[in-house]
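Good morning, colleagues. Please have the sequence and the model in view as I speak. I shall take the parts in turn.

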Amino acid sequence: PASTGLVATHPLALATVNSPPASVDGFVREFLRELNFGQGVSLQGSTVNDQYLALARTVRHYLMARWSETLRRQRETQAKGVAYLSAEYLLGRQLGNALLATDLTDIVGEGLAQCGIDLADLRAQEVEPGLGNGGLGRLAACFIDSLATMSVPCIGYGIRYEYGIFRQTFVEGRQVEQPDSWLALGAPWEFPHPENARLISFGGSVETTTDEAGVERRRWIPAWDVNAVPYNYMVPGYQNGRVNTLRLWRAQATDAFDLKIFNSGDYEEAVRAQTFAENISKVLYPEDSTPQGKELRLQQQYFFVAASIGDFLDQQLPEDFDLTKLPERIIFQLNDTHPVIGVPELMRVLVDERGLEWDAAWAITQKCFAYTCHTLLPEALEVWSVDLLGKLLPRHLEIIYRINDDFLAEVRERFGDDELRIRRMSIIAEHPERSVRMAYLATVAGSKVNGVAALHSQLLRDKVLPDFDEFYPGKFTNVTNGITPRRFLRLANPALSELITDAIGVGWLTDLERLRGLESYAEDEEFRERFRDVKAANKRRLDAVLRERDGFTVHDDHLLDVMVKRLHEYKRQSLKLLHIVTTYDRIISGEVAAADVTPRTFIFGAKAAPGYKMAKEIIHLINAVGSVVNADPRVEDRLKVIFPPNYNVTLAEKVIPAADLSEQISLAGKEASGTGNMKFALNGALTIGTDDGANVEIRELVGNDNFFLFGMLEPQVEELQTRGYVPSSFYEADAGLRRAIDLISSGAFSGGDRSVFEPVVSNLLYEDRFMVLADYAAYIEAQARVDAAYSDVEGWTRSAILNVARSGFFSSDRSMRDYIERIWGTPPSI
Ligand code: 475
């Protein structure tokens, strides 16, 4: 099906493309060619952006041969692969990773130097594709990196948003969102293929028809459609000759819209219709963990999933493929519920378009999907109102009803007419309005359901989907998240990487458990000193970045205490803030001398969903506390609070390697996994954290002595909840907490205006859904342990080294092995 249409082929084209020569001269020639003929400028007349674009195109030439060879082999072997379906990919900058994958960093650096160009300047020119909100999108990016590096066939499917996650700015300490025009200066990494556009339909009605054999069939008569244009991106494996594909879809109006423009005479209306269609891939929804339930979002979901499934069936399979064998060729991994509409879509294609019987189609579908859940917050479980779904996708709604009927019949067969159970388990909820519970649909359809850390997977079975766990023994499993050591150690922290390689040799980058070999170096005084030198150098590097970016200073003799993640109440940035305010209050009240306080720089990085009021108030408060504390001479510069705006992957790569202390302080049972926690440990920061998400596993591995645990455990949270949580009683009982909260209420951080932070304060005192006040005392006590540990320089370094040595488990390569073994059954690589 993917025929090129070539009737004859040139002898030179019989071989796959050749890579350009991997020599400095060879590189310079290619680079200048791209600059001259691609950008149309001379070296002398080129801008930094010209140079960056030319370099990016040159580097992708080096990947080309591997890419076409990977595709050829895949076509030849027809080995089972993974189609990762994700509404988000938070990729980070591409250039450095492509250079690392091809091992060209040195050659390119030298060649550019000969042209009078600094590679670092060109790398800094790249605008990262921020096509995700946070953890879920970054996880998808780590996973496709690992699969390419492990030579596992994978195609990532998603949406090419024209605008990614908003650019965050602060105006008088408050978050203001700016559009993220990541494509404005050119998009050198993408390969658009408008000729392979697919038509995606919406709306309309369903009718019954009779086919030639006299069999009645339901037929969808859609009302409107839009083109899905594929944009391909290379996903290079680390120095293994493999390049997988990420295929992101862009919405474009179809000819029908153009014709309307031509015919209707109502030009404005026609253009509006076109804009309407193209809106589908216009912008990433900036909500994280709390879905919005907007029609456009459902359009986005169906748009990319229908395009992806259709693409796989029509383009990736041989023409005569026997669809009953589909589960031997592909597994569609659902990254949360966003792509779950793919379940009825595959059923529709198999039954309505390919003529399969319902039962045969359902047997295939159940083997072709698996579902990953990323949350436990009930408000984050996606539901779609039946009205909306039926309006946009009437045939899919019918299919969902049928799936539900069959499923509930099975439940009845097993448990009798237990109506309460039926109501609990129905894919269709009746209240507060009739709606489809997407997580239930995914669970019924998926061959496996997994949580993202051991604790989370357990809670998922026990608290969120217990009926399903009982009904489907063996369906639920765990795969603890991971992070790619290529980006988050090798690229982000070259100094530590070099130190590691000096000690234990190469090999750890693709076999991260080898870091265990560093354990004995924790006892080596000279190694510890070099380790500290690396940390200090990373702080100076961060200082340089933040000075230029935002005018902030980072002292390399301060403990660097970092909390970077989306702003969400359950993550409890306000608890971190209460610790800062308490420390500040102790200084200004004279309780402690500034000189006796451990010098600390607190770094925050966090975006709030634009419509999330309380999160935005907390951002404002962090900035307000920062301005006051930083400027107060009584503090004698021993506390600094800095909050660089627009935290993203690029900034993470600079912040994390410099950190001493990693803040992972969510209320136990609320953070599904966390992945930032892994990045910090791998880069030699110690964690202060609750017994939540993957913190549990980090602590188990690095050891209690090298981790600052505090706070209620999940069962205690549950118990306090049932007993009745009264936050103000903690306020009454704890003088330190009272003083911190009173200081905020007094207007000390708002120029005397007591009303500004009143909403934050009353929320804490009278609601405090995430029990900040209940964990306050334990947190303050744990921070005192941090101070004590930090004063023992050698002891701290020893712990930091052990954190690195024992973090190998958190490689996303290991996560991928777990998925392969427990879920996908994809054979080992080719
Ligand atoms: C968890 N994003 C982390 C991480 O597994 C976990 C939700 C709706 C719409 C758009 N984005 C989202 C998330 O729910 C999300 O990022 N979840 C996170 O997934 C990877 O490590 O604990 O909160």
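Predicted model: local features only at pLDDT ≥ 70, side-chain atom pairs only at ≥ 80, totals over all residues.

I begin with a contact between two helices. On helix 21, the residues Leu578, Val581, Thr582 and Asp585 meet a set on helix 28 made up of Gly736, Arg739, Ala740, Leu743 and Ile744. Sorted by class, this contact comprises five nonpolar, two polar and two charged residues. Helix 21 spans residues 573-588 and helix 28 spans residues 735-745; their axes come within 9 Å and cross at roughly 95°. Helix 21 is therefore roughly perpendicular to helix 28.

Let me now step back to the chain as a whole. The protein chain is divided into domain 1 (1-77 + 94-127), domain 2 (82-90 + 129-163 + 190-383 + 439-480) and domain 3 (493-810). Between the C-alpha centres of domain 1 and domain 2 there is a distance of 31 Å. Where these two domains touch, 12 residues of domain 1 are in contact with 13 residues of domain 2. On the domain 1 side, the elements that give two or more residues are helix 2 (48-77) and helix 3 (95-102). Helix 2 supplies the largest share of that side, six residues. The class composition of the domain 1 side is seven nonpolar, two polar and three charged residues.

I turn to the ligand. Which residues come nearest to the ligand? Out of 19 residues around the ligand, the nearest are Gly135, Leu136, His374, Ala672 and Ser673. The shell contains five nonpolar, 11 polar and three charged residues. Domain 2 and domain 3 each provide at least three residues of this shell.

Three strands make up an open sheet with the order 15-17-16, and their pairing is antiparallel. Strand 15 (383-385) and strand 16 (428-429) are the edge strands, each with a single partner strand, so one side of each has no neighbour in the sheet. Strand 15 pairs with strand 17, residues 435-437, over three bridges in the antiparallel sense. Within this part of the sheet, Trp384 is opposite Val436 of strand 17. Helix 15, residues 438-445, lies across strand 15 and strand 17 and runs at about 50° to strand 17.

The loop between strand 16 and strand 17 deserves a separate word, for Pro432 is found there. The peptide bond joining His431 and Pro432 is cis, with omega about -5°. As background, most peptide bonds are trans, and most residues other than glycine have a negative phi.

Where is Ser151 placed? Ser151 sits in the loop between helix 6 (135-149) and strand 4 (154-159). Its phi is near 55°, a positive value in a residue other than glycine.

Finally, I come to a hairpin. Strand 9, residues 205-210, and strand 10, residues 216-221, run antiparallel and are joined by six bridges. Thr208 has Arg218 in strand 10 as its bridge partner. Five residues lie between the two strands of this hairpin, and Gly214 takes a positive phi near 80°.

Thank you for your attention.

Methods: Residues numbered from 1 in each chain as written. Near = placed C-beta within 6 Å. Nonpolar A, V, L, I, M, F, W, Y, C, P; charged D, E, K, R; others polar. Domains from an automatic or database assignment. Pairing = 2+ DSSP bridges. Helix = DSSP H or I, 4+ residues; strand = E, 2+ residues; numbered from the N terminus. Contact = placed C-beta atoms within 7 Å. Axes fitted to C-alpha atoms, helices over the stretch in contact; angles between N-to-C directions. Parallel < 35°, antiparallel > 145°, perpendicular 65-115°, else oblique.
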